[in-house]
Amino acid sequence: MTSFQPLDALRMAPGAKRPRRLRRTAALRDLVRETTLEPSDFVQPLFVVPGDDIRNPISSMPGVEQLSVDRLAGEARELVALGVKAVLLFGIPSAKDSHGSESCAEDGVVQQAIRALKDASPELVVATDVCMCEYTDHGHCGLLDAEGGVLNDETLEVLARIAISHGEAGADVVAPSGMIDGMVGAIRAGLDAEGLHSVAILSYAVKYASAFYGPFREAAEGAPMFGDRRSHQMDPANAREALREVTLDVEEGADALMVKPALGYLDVVRSVRERFPELPLAAYNVSGEYAMVKAAAANGWLDERAAVLEVLTGIRRAGADLVVTYHAKDAATWLQSGR
Ligand SMILES: [Zn+2]
């Protein structure tokens, strides 16, 4: 037997192209990196509950807590210190009814939260979720007809009233999430009629009926009491329809767009980015995506820090400017301390 001899025929020719040259050192890799990840790319969701001095851990989302309004100032200062410049507020009301009455109350939990955050950190961007599902006793995203179906046009007026109440409390951005047809136009008209021209609309333009919202429903206490949301949220099988949804929201006056969830829908993020390059695009790294990484990391199956930064980079690489993520504080901490 002869020992193996490298074959000259397999060697690369002089002048051959070698992409590895630019991967040789960390400095070279930094120099040619295409996608950046900064704390200012993140939006931290916050769940606000009535009461005082409350921090309720959410068992399916380790590290995430429901907070009472008096706890928000500290949270805001912590986020700003980490370089995270925006929050997305969800409220859990003290009482629910079929009409979601507390959703637009001047002293509702979200309206109080907006004022508390703005008092504590005026520079923090406060965005608010605008939907009825956290406020209705049936847990659906709108008013219901006799058969339990979500009424579309009747719900629009309520959504506009919710957005106005958030704008009056000082919200910078309202984010309608119910996938109700015409919601962006109705909210824009309502805000403008009240002189709230500077309140921006970040539309959940493309929101799929996803299994990955499970842990969120514990956090926001908004699971539907019957049925599901497939009559208004999109079928996970559809991508072309997403462009139709986005086009309508842009026509209705959306200032920025969102795709939700993120990880299973990176192709949709990419195609929305390409169709509307002029509008900021957010992607929502949802509760189930968060819970998967946390559970695997807790078992020692994943390196949490590396996995989280890779996930967030992947969402940015697909085309998202902003990432709404429960990892925001951890990721910002890791980015501040260097990779
Ligand atoms: Zn909803």
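**Salt bridges and pockets**

Author: A salt bridge joins E304 to K294, with 2.8 Å between the closest N and O atoms. E304 belongs to helix α10 (residues 304-318) and K294 to helix α9 (residues 287-298), ten residues apart. Keep in mind that this is a predicted model.

Reader: Is K294 buried or exposed?

Author: K294 is buried, since its relative accessible area is 14%, and buried means under 20%.

Reader: How many salt bridges are there?

Author: The count is 16 salt bridges.

Reader: Which residue does R55 pair with?

Author: R55 meets E75 in a salt bridge, at 3.8 Å from N to O. The two sit in distant parts of the chain, 20 residues apart: R55 in strand β2 (residues 55-57) and E75 in helix α2 (residues 72-82).

Reader: And how accessible are R55 and E75?

Author: R55 is partly exposed, with a relative accessible area of 33%. E75 is buried, at 5%.

Reader: What about D255, which residue does its side chain meet?

Author: D255 forms a salt bridge with R188, 3.7 Å from N to O. This pair also links distant parts of the chain, 67 residues apart, with D255 in the loop between α7 (240-252) and β8 (256-260) and R188 in helix α5 (residues 183-193). D255 is partly exposed at 34% relative accessible area, whereas R188 counts as buried at 14%.

Reader: How much space is in the second largest pocket?

Author: About 190 Å³. Its lining has 14 residues, and those closest to the centre are Q44, G63, V64, E75 and K329. The elements giving two or more residues to this lining are β1, β3 (65-68) and α11 (328-336), and β1 gives the most, with four.

Reader: How do the lining residues of the second largest pocket divide by class?

Author: Into seven nonpolar, two polar and five charged.

Terms used
Residues are numbered from 1 along each chain as its sequence is written. This is a predicted model: local features need pLDDT of at least 70, side-chain atom pairs count only at pLDDT 80 or more; totals for chains, interfaces and linings use all residues. Side-chain values use heavy atoms; hydrogens and water are left out. A salt bridge is a side-chain nitrogen of Lys or Arg within 4 Å of a carboxyl oxygen of Asp or Glu. Buried means under 20% relative accessible area, exposed over 50%, partly exposed in between (1.4 Å probe, protein chains only). On a 1 Å grid over the protein atoms alone, a cavity is a set of points where a 1.4 Å probe fits but cannot get out, and a pocket is an open set with protein on both sides within 12 Å along at least five of seven lines; lining residues have an atom within 4 Å of a point. Grid points are joined across faces, edges and corners, and a volume is the space filled by probe spheres set on the points. Ala, Val, Leu, Ile, Met, Phe, Trp, Tyr, Cys and Pro count as nonpolar, Asp, Glu, Lys and Arg as charged, and the others, Gly among them, as polar.
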